[in-house]
Amino acid sequence: MYLYETRVGFSRTDKDRIVTMESMIDYFQDSSCFQAEQLGVGFSYLEPNHLVWMLNSWQIDVAQFPQFYDKITVGTFPYDFKGFFGYRNFFIENEAGVKIVNANSVWTLMDTKKQCPARPTEKLLATYELEERLPMEYAPRKITIAQEESIIRREETLQIKEYHLDTNQHVNNGQYVRIAYEYLPKDRRFHHLRVDYRRQAVLGDTIIPILYEKDDTCTVALCGEDEKPYAVIEVY
């Protein structure tokens, strides 16, 4: 398990000084990168071996949102490897040691040279210590949109800029959530987030956001010009 303590900065919060969902993704992404670097299987190992971990899905459940100046502990650990897939939990604890945010994620190891999935190397399997997964209600990785039961609203298209990209030169997983939140109702705070990443968007691609609403659930499909999603984001 990897843990790091931090204090919630002003730049991580919204107008109410409460941590945004996309900032929590940033915390989680940092923690997994920190763990990999500490264990010697970070970028300096992956890049020469033409490997990269690609995120398939998020599930984040928030019992209590951290607020500005709170002391928090961010934690992460892998709990399983199956074929090309890696499964990893994340959490945030408050100063009293209570887990106030739990998260699950599914990753695919990719061979960047062959442009195909790759099985974890012996070094990766030997380095990462698997732990018992967090006790949370695990949702399916795929998000299904029942169009016939939803109110649909199309938003104006947007074009992917350089600030949306990460070091892999495609849209960073947190940026999809940032984009989707622009179209969600502003009078509600959503405690549950699921993200289903379908394909990669790159510089210059056009995004067509389509919003679906049903009861207390809102879903944003960030689609290409062919109307096939790059990512589907669900909150409730």
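## Overall size

For a chain of 236 residues, a compact globule would have a radius of gyration near 18 Å, and the protein chain agrees, with 18 Å. The radius of gyration is taken over C-alpha atoms, and the globule rule is 2.2 Å times the number of residues to the power 0.38. Along the principal axes, the C-alpha atoms fill a box of roughly 50 × 45 × 30 Å.

This is a predicted model: local features need pLDDT of at least 70, side-chain atom pairs count only at pLDDT 80 or more, and totals for chains, interfaces and linings use all residues. Residues are numbered from 1 along each chain as its sequence is written, and side-chain values use heavy atoms, with hydrogens and water left out.

## Fold and packing

The protein chain has four helices and twelve strands. These are DSSP runs numbered from the N terminus: helices are H or I with at least four residues, strands are E with at least two.

Buried residues make up 52% of the 236 residues. Buried means under 20% relative accessible area, exposed means over 50%, and partly exposed is in between (1.4 Å probe, protein chains only). Take the contacts between residues at least 6 apart in sequence: 70% of them join residues at least 24 apart. A contact means heavy atoms within 4.5 Å.

## Nonpolar cores

A nonpolar core is a set of buried Ala, Val, Leu, Ile, Met, Phe, Trp, Tyr and Cys residues joined through side-chain atoms within 4.5 Å. The largest one has 59 residues. Met 24, Phe 28, Trp 58, Ile 60, Tyr 176 and Leu 193 have the most contacts inside it.

Look at Phe 28. Leaving out residues up to four places away in sequence, Phe 28 touches Trp 58, Ile 60, Val 74, Phe 90, Phe 91, Ile 92, Val 101 and Ala 103. A second, separate core has seven residues, including Phe 77, Tyr 87, Val 106 and Met 136.

## The largest pocket

A pocket is found on a 1 Å grid over the protein atoms alone, using a 1.4 Å probe; it is an open set of points with protein on both sides within 12 Å along at least five of seven lines, and lining residues have an atom within 4 Å of a point. The largest pocket holds about 1000 Å³ of space. Its lining has 40 residues, with Val 52, Trp 53, Met 54, Leu 55 and Trp 107 nearest the centre. Elements that give two or more residues include helix H1 (21-39), strand S2 (51-62) and helix H4 (173-181). S2 gives the largest share, six residues.

By class, this lining has 21 nonpolar, 13 polar and six charged residues. Ala, Val, Leu, Ile, Met, Phe, Trp, Tyr, Cys and Pro count as nonpolar; Asp, Glu, Lys and Arg count as charged; the others, Gly among them, are polar.

## The second largest pocket

The second largest pocket has a volume of about 510 Å³. It is lined by 19 residues, and Asp 14, Tyr 181, Lys 186, Arg 188 and Arg 189 are the closest to its centre. H4 gives the most to this lining, with three residues. The lining divides into eight nonpolar, one polar and ten charged residues.

## Two positive phi angles

Arg 17 is not a glycine, yet its phi is positive, about 60 degrees. Arg 17 sits in the loop between strand S1 (2-7) and H1. Arg 17 is partly exposed, with a relative accessible area of 48%.

His 50 also has a positive phi, near 55 degrees. The loop between H2 and S2 holds His 50. His 50 is partly exposed, at 33% relative accessible area.

Methods. Points joined across faces, edges and corners; volume = space filled by probe spheres on them.
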